[in-house]
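Dear colleague,

Please find below the structure that I am handing over to you. A summary of the findings follows it.

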Amino acid sequence: MGVKGLQNFMETCCPDTCVPVDLKQMAVNHVKAHPDSTATVVVDGMACLRYWYRCQAWVYGGQWQEYMHILQEFVDAFTSAGIRLVFIFDGTVEEQKRAEWVKRRLRVNKDIARIFQHIKTHAQQPNSRDLFCLPSGLATFSGFALKSLGQETRISTREGDYEISDYALSHNCMGILGQDTDFVIYNTVPYLSINKLNLNNMTTVLFSRERLCQVLKLHMSDLPLLACLLGNDIVPEQQMQRLRSNALTSYRKKHMQVQGDKVYAVADFINAHHPSSEGTFGVSSLPLVEAEKEALEKGIRLYLLPGQTSAWLESGCSVPESMCLMGKYLPADILQAVLEKHTRAECFLLYNVLYDGVVECSNTLEDEDEVEIPPQAVLYLPVRERIYGLLLPVQPDGSTQTLSVKEWFVFPGNPLKEPTRVTPKPLNNLKGPLDLMALWFRTDPEVKAVQASTLLDVFDLYEFAEELKCFDSPLIAVICLVTYIAIQVRQLSLEDVDAYLSQAVCVRFKSFREMQQLRTPVVDPRAVQLGSLFVRGLTYLIAANSACGFPFPMGELMPWKTFDGLLFHSKYLQAHSGCPKEELLEGNPSWMSLFMPVRELVLETCRRRGVPVHSRPRRLQHRDVRAVETDDLRRERRPQLHHSTHQEFRQQPRASSHYQHGYRPRHPKRGRYHLAPRWPHSQN
């Protein structure tokens with residue numbers, strides 16, 4: 001959440017509320033005042049993503065090793081200052097924030113469309129920070145990254161700002177590091193700015209709620225009402241427009257017009273209607289219609305931490321417990337394990353499915369004009385259906401009733417007016433009911449084998465369990481995803497597969513500094529989307545790994561082990577320019593010997609499924625002729641294969657009907673997306 005206009009008001013109109021602080025000295029003072037405690041800062045992980053992702057390249061799918069290095073430097077700086085960090089990330093979107101979440105996601109979709117237009121026009125990554133998009137999956141993988149660095153990391157089960165404020169207050173922390181004015185409103189520990197943080201000298205700015213109250217002549221308990229009247233994610237700004245206009249008119253009759261007088265006027269209104277000593281409660285006595293009063297009461301209550309009350313309400317806060325929607329279908333041990341692993345950032349997606357029955361996926365770098373590659377939400381639908389089928393009964397109680405998971409997935413053309421209900425689907429090779437208790441809690445070798453084969457079944461690669469045993473976990477992850485993508489995206493070419501696999505081999509042996517030096521002469525929009533498609537696939541892979549009882553170490557499936565955006569992009573450009581395989585593998589015989597069996601396994605799997613992968617070299621847009629002149633000559637000697645048309649793509653058999661009604665409306669620039677047909681077992 002965030003209070004409309006409050007950040008600018010504090011920085012511009014009341015600079016005294018913005019206090020420069022030295023974090024080292026602040027830590028020393030905190031320990032002196034609390035000798036039995038450690039100076040701890042709670043970090044709002046979602047608010048820090050832009051600060052952390054300072055990699056120059058962002059459009060290619062993510063520079064994950066470089067990002068890990070940045071996170072390590074961040075952690076080291078605080079450790080050297082004697083400050084312990086606790087990271088908390090949002091784990092769910094509460095329904096009262098859904099409208100604001102949708103509005104922001106649709107706005108980002110427009111930004112992404114402009115990014116792709118820039119790439120097509122200039123063949124370069126935009127340099128303006130106005131045209132910027134964080135790599136797909138960054139929020140998901142950041143929690144795992146920090147955990148791998150030895151940091152305490154938590155995922156919220158309700159509104160993230162609330163859990164951060166509550167944790168910081170109840171654990172007597174030194175401060176909250178973030179960039180959200182809601183932390184001024186919560187009556188909790190000091191709020192420190194991530195945007196103003198200077199790691200070199202460990203200084204930042206403290207936004208003081210105490211000084212803000214002094215300036216506005218308000219009590220601390222009035223701040224939630226101030227936030228709701230100004231507008232936030234719960235109470236829309238326009239809902240209180242009439243009241244603010246009246247307050248401003250009244251204020252200007254008594255005071256000269258000054259900058260920020262909207263905030264002063266609302267504060268003046270609050271003072272004029274403050275609850276009386278006779279017991280008249282504020283909100284109920286305000287000159288508002290009933291719907292406005294209800295919205296204010298709801299908004300104020302959400303700012304009250306456990307044990308806190310407000311003079312503006314007749315009752316204090318209510319702390320909801322985690323209610324499991326699917327509880328009657330699963331053993332209590334499973335549900336408890338899901339809750340604990342989710343909170344400790346050790347799994348992905350399971351809590352959202354079982355406790356909320358709702359799954360969200362934010363924006364992905366996808367081109368709205370791309371007609372051959374489906375949006376990731378559509379392409380990975382069968383995987384999610386099977387993950388839901390692992391966790392939920394396909395037909396509970398043996399009846400015709402079906403359970404479903406609500407999905408809010410963002411992609412071009414989806415208006416997000418309502419969620420799509422996705423029903424669980426059984427695994428193709430499952431014989432009899434799945435024993436989740438054994439899958440999750442037994443550790444004998446037989447169960448380990450079942451866990452691995454179950455995960456492969458989620459990606460419809462069940463019969464390849466033996467062939468995959470000779471590869472390590474990161475390569476298994478790559479093989480699963482590239483094979484799945486190649487079969488679902490019929491237009492995926494041999495050059496695309498070579499680009500995916502060669503980068504997966506090379507990334508294992510390169511340092512982040514080597515990859516920092518990489519440069520690409522042009523940026524290709526199709527390669528950008530393929531990079532994001534792979535990284536999104538990794539999120540579903542770790543979700544499947546979570547659901548299957550962790551057959552593979554989670555740390556081995558992360559993007560810093562399997563993918564680098566710039567490296568992939570350079571391999572893509574090389575492959576489509578006719579570069580020989582030896583050159584793709586940089587002339588390294590040992591890399592080549594690793595690449596070839598992986599490549600053969602992927603291609604053989606596709607052939608067995610009746611989807612052979614063909615060579616389709618593409619003429620790259622805006623090519624640097626000097627850089628690839630020899631490639632052009634080489635290409636002239638090759639037959640040019642005809643690319644599949646949009647009509648051919650639309651004639652493929654239909655995918656799940658969930659995406660045909662409501663969720664995937666016909667886009668004006670393209671028809672409906674259809675996945676490849678389910679792979680027939682007769683071809684196995």
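Predicted model: local features only at pLDDT ≥ 70, side-chain atom pairs only at ≥ 80, totals over all residues.

A residue counts as buried when its relative accessible area is under 20%. Apart from neighbours within four places in sequence, the contacts of Ser136 are Trp64, Asn363, Thr364, Leu365, Ser532, Val535 and Arg536.

I turn next to the aromatic residues. Across the whole structure, 25 aromatic pairs were found. One of them joins Phe74 and Phe78 in a tilted arrangement, with 5.0 Å from centre to centre and 45 degrees between the planes. Both residues lie in helix α4 (residues 64-80), and because they are 4 residues apart there, about one helical turn separates them. Phe74 and Phe78 are both buried.

Tyr380 and Tyr540 also make a tilted pair, at 5.0 Å centre to centre and 45 degrees between the planes. This pair connects distant parts of the chain, 160 residues apart: Tyr380 is in the loop between α17 (376-379) and α18 (381-391), whereas Tyr540 is in helix α25 (residues 525-547). Tyr380 and Tyr540 are each buried.

Phe74 and Phe78 are also members of one aromatic cluster, together with Tyr51, Trp52, Phe87 and Phe89. Over the ring of Tyr51 sits the charged end of Arg54, 5.7 Å from the ring centre. Likewise, the charged end of Arg158 is placed over the ring of Tyr162, at 3.7 Å from its centre.

Yours sincerely

Key: Residues numbered from 1 in each chain as written. Heavy atoms only, no water. Contact = heavy atoms within 4.5 Å. Phe/Tyr/Trp six-rings, centres within 6.5 Å; stacked < 30°, edge-to-face > 60°. Helix = DSSP H or I, 4+ residues; strand = E, 2+ residues; numbered from the N terminus. Buried < 20%, exposed > 50% of the residue type's maximum accessible area, 1.4 Å probe, protein only. Lys NZ or Arg CZ within 6 Å of the ring centre and 35° of its normal.
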